[in-house]
Amino acid sequence: MSSVQHGTISLGAGVTSNTATITAVDTTKAFVVFLGRSTNSPANNSEGHVKLILTNSTTVTANRVSGGSYAMVVSFCVVEITGGITVQPGTVVIASSGTSA
């Protein structure tokens, strides 16, 4: 591993997206890890679903399904790996009636 950067992103009540700035990484060798969220217990649990994206070499974006009626703080780390390893981004979609992909 070359580096690990930790951070948080605040999503206020009604806010669906926000960003955090990190020290520049090589996006072909870095990935984001979701570490958890801190919030009041949501009435609708789907409001708490958060997606983290390494938007570019210096930005991590947090998106949630809906604006929600509560604020939350999302914790993450960005891991950058050295050597001949590359990271290929992708998305896995699980059907609403499914439990795995």
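Trainee: Where is the place of T27 in the chain?

Mentor: T27 sits in the loop between β2 and β3. Strands here are DSSP runs of E with at least two residues and helices are runs of H or I with at least four, all numbered from the N terminus. This is a predicted model, in which local features need pLDDT of at least 70 and side-chain atom pairs 80 or more, while totals for chains, interfaces and linings use all residues. Residues are numbered from 1 along each chain as its sequence is written, and side-chain values use heavy atoms, without hydrogens and water.

Trainee: Why is T27 called partly exposed?

Mentor: Buried means under 20% relative accessible area and exposed means over 50%, with partly exposed in between (1.4 Å probe, protein chains only). T27 has 38% relative accessibility, so it counts as partly exposed. Its C-alpha atom is separated by 9.3 Å from that of Q88, 61 residues apart along the chain.

Trainee: And what makes T16 partly exposed?

Mentor: T16 comes out at 36% relative accessibility, so it gets the label partly exposed. This residue lies in the loop between β1 (3-11) and β2 (17-21). The C-alpha atoms of T16 and R64 are separated by 5.2 Å, although the two residues are 48 apart along the chain. Across the 101 residues of the chain, 30% count as buried.

Trainee: How many helices and strands does the chain have?

Mentor: The chain has six strands and zero helices, and its pattern along the sequence reads β-β-β-β-β-β.

Trainee: What makes β3 and β6 a pair?

Mentor: Two strands pair if DSSP finds at least two bridges between them. Nine bridges join β3 to β6 (residues 72-80), and these strands run antiparallel. Within this pair, F34 stands opposite F76 in β6.

Trainee: Why are β1 and β3 called edges of their sheet?

Mentor: The sheet is open, with three strands in the order β1-β6-β3 and antiparallel pairing. β1 and β3 each have a single partner strand, so one side of each is left without a neighbour in the sheet.

Trainee: What is the volume of the largest pocket?

Mentor: The largest pocket has a volume of about 360 Å³. A pocket is an open set of points on a 1 Å grid over the protein atoms alone, where a 1.4 Å probe fits and protein lies on both sides within 12 Å along at least five of seven lines; lining residues have an atom within 4 Å of a point. There are 14 lining residues, and the closest to the centre are L52, I53, L54, P89 and G90. Two elements give two or more residues to this lining, β3 (30-39) and β4 (50-56), and β4 gives the most, with four.

Trainee: How confident is the predictor, by average pLDDT over the chain?

Mentor: pLDDT, the predictor's confidence in each residue, runs from 0 to 100. The chain averages 85, and 86% of the residues score at least 70. Confidence is lowest in β3, at a mean of 89, and highest in β2, at 97.

Key. Grid points are joined across faces, edges and corners, and a volume is the space filled by probe spheres set on the points.
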